[in-house]
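Dear colleague,

I am passing a structure on to you, and below it you will find some notes on what turned up in it. Please keep it open while you read.

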Amino acid sequence: MLSVMSRNREEPVFNRIEEVRTAMGLSRQELADKVGVHYQTIGYLEREEYSPSLVLALRISEILKQEASELFSLTPFKKGR
Amino acid sequence: MSELQILGANAAVLALAYFFVYPRFGGDDVKRIGWLDLTIGLTTLGILAPFNWSSEDEFTLLPNWDVPWWIFAIVTYAVLEIPLFAIYFTRRGLWASYMDGVKEGFSSETWTTGASTKAVRKQLVDTKWDWIRKPRFMRNLVIAANLWMLFATIFLAQVGDNVWASLSILHMAVLFIFWFLLRTSVRLISEAGDEALDERMITERNQTYFKAYRTFTMIAAGLLTGFMIYVVTRDSSPGSDGFNYQFSLTWPQAQALFWFIWGYAFMLPSMLMAWKESRNSR
């Protein structure tokens, strides 16, 4: 059976954006300005209600000085990582 | 009503607009003054309508040129407004801003996307209208817009040739207000082009348009099915030749049909986006 990948809420991309962002002392607005998106979009990403494109994921990783694989995952991150 | 009474009503409304409403609520914001102007103009027409609706009187606009009341009201309103408008804009130094607005209004971007990049970017950082972006308000706004649309359409379809038919003007004004509030509640995202949005917003807008198109198709299918049922049932009525059909619509019925289709065509994307955001309750 063919399964179709879709970017919806049922298949979230888990991330550590909020954890890393706050550790770096950045507000949502500041990160949004650096990445070039609206601050609400950062909120959607952090709540895992929106799965970013590859370009956006790489851009966020670069700004947060993380490898993309350390910041994004298809499985939930363990707490306290 | 006489010519003098309509002129007096127009002059009174314009004095109120230019000496109180625009300075108080419009200030130096050309776009806001434009919206206020349109709203006040329509309201004036709505106030005059019940007094003149069934009247056959002709009004002398120029020597040997008599026109119906509404043409007289609109033309004299515009003529009386020109000097007030010129003085207001000159005193406040708003001409450059006005010309920018005119250029923006006629730009191909505004016509192809519904909202210019400049307008969307302004809305994206706006906090002034946050009170209408609260989930409960958005949900109630969508419900109210739909209820109004249904109520007004049914009312205008039923109303006879009497003073109540003038409510079609009120219907137009109320729809205009709903359209404005709905698109503002979603920060114009539902009408914006790609260049004004980030990737999440583009995705949301695209999903909204997909749903809006399907919903609008269902509305159109409902109307057309009703039309076909009417046509088919007419075949069996006495005097029908089964080939030719005649329809008659009153002015309020034509208004109801026109604004029902246009209202949903313009408001559905914003309605669906506002509804979705209200349910996200963030």
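A crossing of two helices is called left-handed if the near helix is turned anticlockwise from the far one by less than a right angle, and right-handed if it is turned clockwise. In this predicted model, H2(B) passes H8(B) in a left-handed crossing.

The two helices, H2 (residues 30–52) and H8 (residues 167–185) of chain B, have axes 9 Å apart and pack at an angle of about 155°. Since angles over 145 degrees count as roughly antiparallel, H2(B) is therefore roughly antiparallel to H8(B). On the H2(B) side the contact includes B:Trp35, B:Leu42 and B:Ala49, and among the residues that they and their neighbours in the contact meet in H8(B) are B:Ile169, B:Met172 and B:Phe180.

Turning to the two chains, five residues of chain B are in contact with seven residues of chain A. Helix H9 (residues 199–235) of chain B supplies the largest share of the chain B side, namely three residues, and that side consists of two nonpolar and three charged residues, with no polar ones.

As for confidence, the predictor gives the complex an ipTM of 0.83 and a pTM of 0.77, while chain B has a mean pLDDT of 89, with 98% of its residues at 70 or more. Within chain B, confidence is highest in helix H7 (residues 135–158), at a mean of 95, and lowest in helix H5 (residues 108–113), at 68. Where pLDDT is low, the predicted coordinates should not be read in detail.

Best wishes

Key. Residues numbered from 1 in each chain as written. Chains lettered and ligands numbered in written order. Predicted model: local features only at pLDDT ≥ 70, side-chain atom pairs only at ≥ 80, totals over all residues. Helix = DSSP H or I, 4+ residues; strand = E, 2+ residues; numbered from the N terminus. Nonpolar A, V, L, I, M, F, W, Y, C, P; charged D, E, K, R; others polar. pLDDT = per-residue confidence, 0-100. Axes fitted to C-alpha atoms, helices over the stretch in contact; angles between N-to-C directions. Parallel < 35°, antiparallel > 145°, perpendicular 65-115°, else oblique.
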